[in-house]
Amino acid sequence: MTDLKKLYQSDLPNRAISVYLYLRSRANKEGFCWPAIPTMARELKMSESTIRRALRDLVREGFLIIKERQRGSGGDSSNRYILVELSPGPQ
């Protein structure tokens with residue numbers, strides 16, 4: 001995740017760029033994070049449906065991988081988000 005130029009030059013809507021930057025700011029060294037959608041919506045001041053659309057945009061464009069997580073009891077947990085490294089393109 002060294003170069004954001006690819007992100008900014010993409011045709012992604014502003015919502016997707018905002019969500020990507022949010023996830024990036026919360027990711028660990030491996031590029032993983034797991035905030036809940038309601039948390040993202042509250043902190044970004046967006047609706048949950050807007051967050052979901054942004055996540056779909058990011059997955060479709062190859063900026064994000066989403067892995068569903070389950071609790072030990074079998075219930076759903078927050079998703080694990082894996083940020084795809086943005087390597088610099090040709091200079």
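Guide: Rings of Phe, Tyr and Trp (its six-membered ring) pair if their centres lie within 6.5 Å; planes under 30 degrees apart count as stacked, over 60 as edge-to-face and the rest as tilted. This is a predicted model, in which local features need pLDDT of at least 70 and side-chain atom pairs count only at pLDDT 80 or more, while totals for chains, interfaces and linings use all residues. Residues are numbered from 1 along each chain as its sequence is written, and side-chain values use heavy atoms, with hydrogens and water left out.

Visitor: How many aromatic pairs does the structure hold?

Guide: The structure holds 1 aromatic pair. Helices (H or I, at least four residues) and strands (E, at least two) are DSSP runs, numbered from the N terminus. In those terms the pair links distant parts of the chain, 43 residues apart: Y20 belongs to helix 2 (residues 14-26), and F63 to the loop between helix 4 (48-60) and strand 2 (64-67).

Visitor: Are Y20 and F63 buried or exposed?

Guide: Buried means under 20% relative accessible area, exposed over 50%, partly exposed in between (1.4 Å probe, protein chains only). Both Y20 and F63 are buried.

Visitor: Which charged residue lies over the face of F63?

Guide: A charge sits over a ring if NZ of Lys or CZ of Arg is within 6 Å of the ring centre and within 35 degrees of the ring normal. K6 lies over F63 in this way, at 5.7 Å from the ring centre. R80 likewise lies over the face of F32, at 3.8 Å from the ring centre.

Visitor: How do the strands join?

Guide: Two strands pair if DSSP finds at least two bridges between them. Strand 1 (residues 32-33) and strand 3 (residues 80-83) run antiparallel, joined by 2 bridges; here F32 stands opposite I82. Strand 2 and strand 3 also run antiparallel, with 4 bridges, and K67 stands opposite R80.

Visitor: Which residues of helix 3 are buried?

Guide: An α-helix has 3.6 residues a turn, so residues three or four places apart point the same way. In helix 3 the buried residues are I37, M40 and A41. They lie on the same side of helix 3 because they cover an arc of only 100° around the axis (taken from the directions from the helix axis to the C-beta atoms).

Visitor: What follows helix 3?

Guide: Most residues other than glycine have a negative phi. K45, which follows helix 3, has a positive phi, near 60°. At 75% relative accessibility, K45 counts as exposed.
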